[in-house]
Amino acid sequence: MRLELTLNGSPVDLDEDPTATLLDWLRSLGLTGTKEGCGIGVCGACTVLGDGRPISACLTLIGTLDGVSVLTVEGVAQSEPTLVEAFVDCEAMQCGICTPGHVMAAAAAKLAGIGASADVDSEIRYWLEGNLCRCTGYETIVAALRSYLER
Amino acid sequence: MSQATAERPASRGDARAKATGATLYTADFDHSGALHVAVVRSDVPSGKIASVDRSAAEAVPGVVGVLLADDLPGVLCGRRVRDMPLIARGVVRYAGERVAVVVADTRAAAETAASLVEVDITELPAVFDPVDALDEAAPRVHEAPWSYPGAVVTEVMHPNLQSLVEAGDPDATAKRLAESAFSVEATYTIPSTKQGYLEPQAWLAVPQSDGSIRLRGTTKSPYRLREQVSTCLGLSPGELEVEPTPLGGDFGGKGAPGDAPLCVALARRFRRPVRLVLRSAEDLTATDARHPARVTVRIGCDPDGRLTAMSFDAVFAGGAYASHKPGVTVNLHGAVEAALGYKLPAWSTRSRVVYTNTVPKGHMRAPGATASVFAVESALDELAARAGIDPAALRAANLLGDGDRDAYGHSWEQARGAQTLEAALAALVTSASVPVPAGWSSGTGIAVYCRPTSAASTSLRLIPASDGSFVVEVPIPETGTGNHMVVRELLARALGVSADLVEVRQVATSQLPGDPGVGGSRVTVGMAVAVEELARRWAASEHDGAVEVESKASYPPVLSYAAQIARVAVDPDTGQVKVLELLSAVDVARVVNPVAHQLQIDGGAVMGFGSAVMEDSLEQDGLVWAANLGELKLPCAADVPRLTTILLEGGLGIGDANVKSVGELTNVAVPAAVANAVANAVGVRVRDLPVSAEKVWHALQASESGKVAR
């Protein structure tokens, strides 16, 4: 199936099996920052943005992405240096396998305009609900997102 | 958590690479021409393999081979006890055991072909519960377990025993308990769960032109793994090299050899690179999980609240193979140390690990301790209630103090359990209140964990550069704990240079003398001692080349304490438990890196919270039903209660750096603290983890106090 999409800001024409997952396709391009954790959309390690919204790359079939703008952690690392700095400064990682997914969830949260309510902490935790971290206890990840919103 | 994290400069050398997705884990390495492996697993817990039809699988394009046990060396593998075959031979002993493996040019072809292998297994009687397995008439999981290399059991023992540890004086204990003014006896159970790392186990074995294999994979113990795989497959030194690779989480689960021996055997057979990346469901249902346990505690005190005696009897379901446990006794240290923290005039401990037809169990963060501390610290509260004594006062009066001898007769120079508990109680008083939902009852519960740790041997090499910077080569992977950062900071201090001038680099197993792997809360301590030796050797050298140390680390062990208080609210109508706050007082010596230290405390507390109220592998009749990370119910950011930490710094540590452990402290006592808080809130005792709404509700229905609470 032929389709056109935007990947990290660049237009891509491709002729792929539409039933391939976005995760496998990204990783076949060497974009291995998007990780396979649970493989069924509950852990968030493969979170990328599709038209600015967080999606699980492991559940997204290539055939559904015609005309969609896909942003991965490699793209965000270029386009949103303050987001990366927030995670680095807050040491919002230990093993790091969930970190790209959390970075993408944070990018999506900012695009969605969170931070307006009085209870920012709860808002942040709501936006991070789809991303598991077994190492940190989430405190520094929440701090990183708060810091990013303030930058 | 500690404040001002955003202001201080990051000291994690790997932070930027991890935040940009640049860090490469095992599954991120591809190798052109690699064969992909998919495993055909038994779907029954016990049976005789009647037939395996590979014809349909072999016809799948891209399939290179479909292998059964007879196609690979007939060897047994393990960390200590070598009882696990590469592929089941004749019989299967757990659902999830390898029955056949498919190797193919692509992962898709391998997985498709694996689904087409026709396996016919005649079911045999199975045993799942470890107490049932000790019945005289129980089905035998193995015919002669004492015959396996490394076995610690003998022919006179029950044939389903993997390990038996007995200590103390059962007769004197029974006598003292019978004479005690107050005593309680209760049995506590915990289910299996998984370590919960997000990176499934993965391996890449690459044959070299000289016939040796370079192995990359999810191991926290590269040197031990090299030894285990070499022993299993009969390789000579130099035939296997384990490559440096960071881990996407461990928590004890990545010390087992896993599929490494299989992948090395396949790479040797096909003389091509072999790649096996488990799917998460396989990882959750077929790899080393936490031991489910049943623990019976009898404990007594005199009218003044002095403990008189404790008998501790634990039975752990070890699963179908003992291969994932490394200890000399093949037991779990948390159970062996169950009587350690308190002054006990009489005590006895028995810990039995039992073969069952379930997935082989392994280590998870403070192995055995979650079950043991849940039991002992719950029983202490039950005893306090019976004796009419405040639970905190009961503990304070009986915790070991400086110079006291523990149950095993070891005298501890410093034991700060009571001070740690006092700090937790003081913080509870000043901690801001958390709103309790209308109509709910609130309560607090305490639990204490006492953990001995010592330094372990390791090795390091320091390589100077002409610009004044250094590379330090380490034998262990960065598992996430910050162990590389700890080496960097300690070495920079010892050399008197900026940490920016020190780069830490894990090297392959041929490059350093050895190391026992990450674990046992020993890494910071062991590395601190080795760094000191390395810096001394550097100072004494001509500064014209690399220096290396092989640290033997002969220091006396030290104790660390965590005293934790849970504040909970319970809905008396539904039994729902909401943990409002977890307060952790932690007994530490010198903190090397405050942020990394706090992350270990927070991460531990949240893991303990998961064990307390959420997690369960849902093992039933030998099958694991929590076969995905959602069903396993790992805590997410929105689940986490308020975390408060109090550090009791300045304790006695090890070495010039004066450090001690923190990694396996705060996860352990949380379940008991929560169960005690629920009992405090609504008057019912849940003795089975997790403390779910259903269990609380049923207990409320069954109890008089339940009617009162309504």
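Q: Over how many bridges do β11(B) and strand β14 (residues 274–277) of chain B pair?
A: In this predicted model, β11(B) spans residues 202–207 of chain B. Its pairing with β14(B) includes B:Trp203, whose bridge partner in β14(B) is B:Leu276. The two strands run in the antiparallel sense, and the number of bridges between β11(B) and β14(B) is 4.

Q: In β12(B), which residue is the bridge partner of B:Val206?
A: β11(B) and β12(B) pair in the antiparallel sense over 5 bridges. They form a hairpin with 5 residues between them, and B:Gly211 in the turn has a positive phi of about 90°. Across this pairing, the bridge partner of B:Val206 in β12(B) is B:Arg214.

Q: Is strand β11 (residues 202–207) of chain B mostly covered or mostly open, and how many of its residues are buried?
A: A residue is buried if 20 or more other C-beta atoms lie within 10 Å of its own. β11(B) has 6 residues and is mostly covered. The count of buried residues in β11(B) is 5.

Q: In β13(B), which residue is the bridge partner of B:Leu215?
A: Strand β12 (residues 213–217) of chain B and β13(B) run parallel. They are joined by 3 bridges. The bridge partner of B:Leu215 in β13(B) is B:Val242.

Q: Why does B:Ala167 count as partly exposed, and how many C-beta neighbours does it have inside 10 Å?
A: B:Ala167 lies in strand β9 (residues 161–168) of chain B. A residue is buried with 20 or more such neighbours, exposed with 12 or fewer, and partly exposed in between. B:Ala167 counts as partly exposed because its number of C-beta neighbours inside 10 Å is 16.

Q: How do the residues of the contact of α13(B) with α14(B) divide into nonpolar, polar and charged?
A: Helix α13 (residues 483–495) and helix α14 (residues 523–540) of chain B pack at an angle of about 35°, with their axes 9 Å apart. α13(B) passes α14(B) in a right-handed crossing. Residues making the contact include B:Leu490 and B:Leu491 of α13(B) and B:Met527 and B:Trp538 of α14(B). The division is 12 nonpolar, 2 polar and 1 charged.

Q: Which element gives the most to the side of chain B that touches chain A?
A: The contact takes 47 residues from chain B and 44 residues from chain A. By class, the side of chain B has 24 nonpolar, 15 polar and 8 charged residues. Two elements of chain B give two or more residues to it, α1 (15–19) and α15 (594–613). The one that gives the most, with 6 residues, is α15(B).

Q: What is the radius of gyration of chain A?
A: Chain A has 6 helices and 5 strands, and its C-alpha atoms fill a box of roughly 45 × 25 × 25 Å along the principal axes. Of its 151 residues, 57% count as buried. The globule rule gives 15 Å for 151 residues, and chain A is close to that, so it is as compact as a globular protein of that length, with a radius of gyration of 15 Å.

Definitions and conventions
Residues numbered from 1 in each chain as written. Chains lettered and ligands numbered in written order. Predicted model: local features only at pLDDT ≥ 70, side-chain atom pairs only at ≥ 80, totals over all residues. Contact = placed C-beta atoms within 7 Å. Nonpolar A, V, L, I, M, F, W, Y, C, P; charged D, E, K, R; others polar. Axes fitted to C-alpha atoms, helices over the stretch in contact; angles between N-to-C directions. Left-handed = near helix turned anticlockwise from the far one by under 90°. Rg over C-alpha atoms; globule rule 2.2 N^0.38 Å. Pairing = 2+ DSSP bridges.
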